[in-house]
Amino acid sequence: MYPSYLSLGFKEVERRGRELFDRLKSCDICPRNCLVDRLSGKRGICRSDYRLMVSSYNLHFGEEPPISGWRGSGTIFLTNCPLRCKFCQNYPISQLGNGKVYEVEELSEMMLYLQRRGAHNINLVTPTHYLPHILLALSMAMKRGLKIPIVYNTSGYEKVEILRYLDGVVDIYLPDAKYSDKNLAKRLSLANDYPEVNRLALKEMARQVGELKLSEDGVAIRGLIVRHLVLPNNVENSRGVLNMIKEEIGTWVTISLMSQYFPTFRALSDNMINRKITEEEYEEVVRYMKSLGFKNGWIQPI
């Protein structure tokens, strides 16, 4: 059945959600492994306790073409994040905690509302730390007729063990691949383990959903799209990311190579990244990507 979660059934999706919710007692949902008791109101590095926080939800037309389609992607921006990226383009949501508290039932209604609006998919942005809530809300929405695919729109900082809870639930993975350099990952996101964690996560996502598949009208129905944001003064980091994807997964992967970096938040005080990227930097990464044999994806003007 399509989406794949319809084959699992709402009872299995609910079971997985409840199992993950129990893990909030000593939270190990993300690679930080904070082990704090979120159920008692404590917060880990993600700054989230047991309460679900959402910043906004609406139709979004600015994603990759097969994600947005012509009717829009049903985007739900979740508040907070396990990473601490200096340059986060969505920092009011991810770092400053902008959003409001919702019940799980209200999240399920958001999903159904977006489907009624004509969304091609439910696009969960920065979902990792709220996975228990998401799965419980999805099971509720399934009972009431949800039948559009889930896009898991993530920083790429994910545990394989937790991603396996999403096997058969998520049809479209949309992860970042930010870093190949652990020192850079530490400097910019306070996560020196990001390259290795991301490598394993991407391999698991690729195993689950495989190559990007489109409907007859060009809308994504299943598969993996990897985003990479080119950073100023860090062409070698981008080369390393592309090398990793080729060596660990293959050149069949669809790459969204992004040029829209601009300095914001704490990037303004870091002289490595306190400017936009140059046309020369971006074009150098584009040429390298093509030389490796990647043919599927998108590049952007600069």
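Biologist: Where is phenylalanine 87 found, and is this residue buried or exposed?
Modeller: In this predicted model, phenylalanine 87 is in the loop between β2 (73–78) and α4 (91–94). Buried means under 20% relative accessible area. Because its relative accessibility is 4%, phenylalanine 87 counts as buried.

Biologist: Which residues does phenylalanine 87 touch, not counting residues up to four places away in sequence?
Modeller: Residues up to four places away in sequence are set aside for this list. The contacts of phenylalanine 87 are then Tyr179, Leu188, Leu229, Leu231, Tyr261, Thr264, Ala267 and Ile273.

Biologist: What separates the C-alpha atoms of phenylalanine 87 and leucine 214?
Modeller: Along the chain, phenylalanine 87 and leucine 214 are 127 residues apart. The separation of their C-alpha atoms is 32 Å.

Biologist: What span should helix α2 have, and how far apart are its end C-alpha atoms?
Modeller: Helix α2 (residues 10–22) has 13 residues, and at 1.5 Å a residue it should span 18 Å. The distance between its end C-alpha atoms agrees with this, at 18 Å.

Biologist: Why are the buried residues of α2 on the same side?
Modeller: The buried residues of α2 are Val13, Arg16, Gly17 and Leu20. They are on the same side of α2 because they cover an arc around the axis of only 100°.

Biologist: How are α2 and α6 oriented where they pack?
Modeller: The two helices pack with their axes 8 Å apart, at an angle of about 160°. Angles over 145 degrees count as roughly antiparallel. Therefore α2 is, relative to α6, roughly antiparallel.

How values were computed:
Residues numbered from 1 in each chain as written. Predicted model: local features only at pLDDT ≥ 70, side-chain atom pairs only at ≥ 80, totals over all residues. Heavy atoms only, no water. Helix = DSSP H or I, 4+ residues; strand = E, 2+ residues; numbered from the N terminus. Expected span 1.5 Å × (residues − 1). Buried < 20%, exposed > 50% of the residue type's maximum accessible area, 1.4 Å probe, protein only. Arc of directions from axis to C-beta. Axes fitted to C-alpha atoms, helices over the stretch in contact; angles between N-to-C directions. Parallel < 35°, antiparallel > 145°, perpendicular 65-115°, else oblique. Contact = heavy atoms within 4.5 Å.
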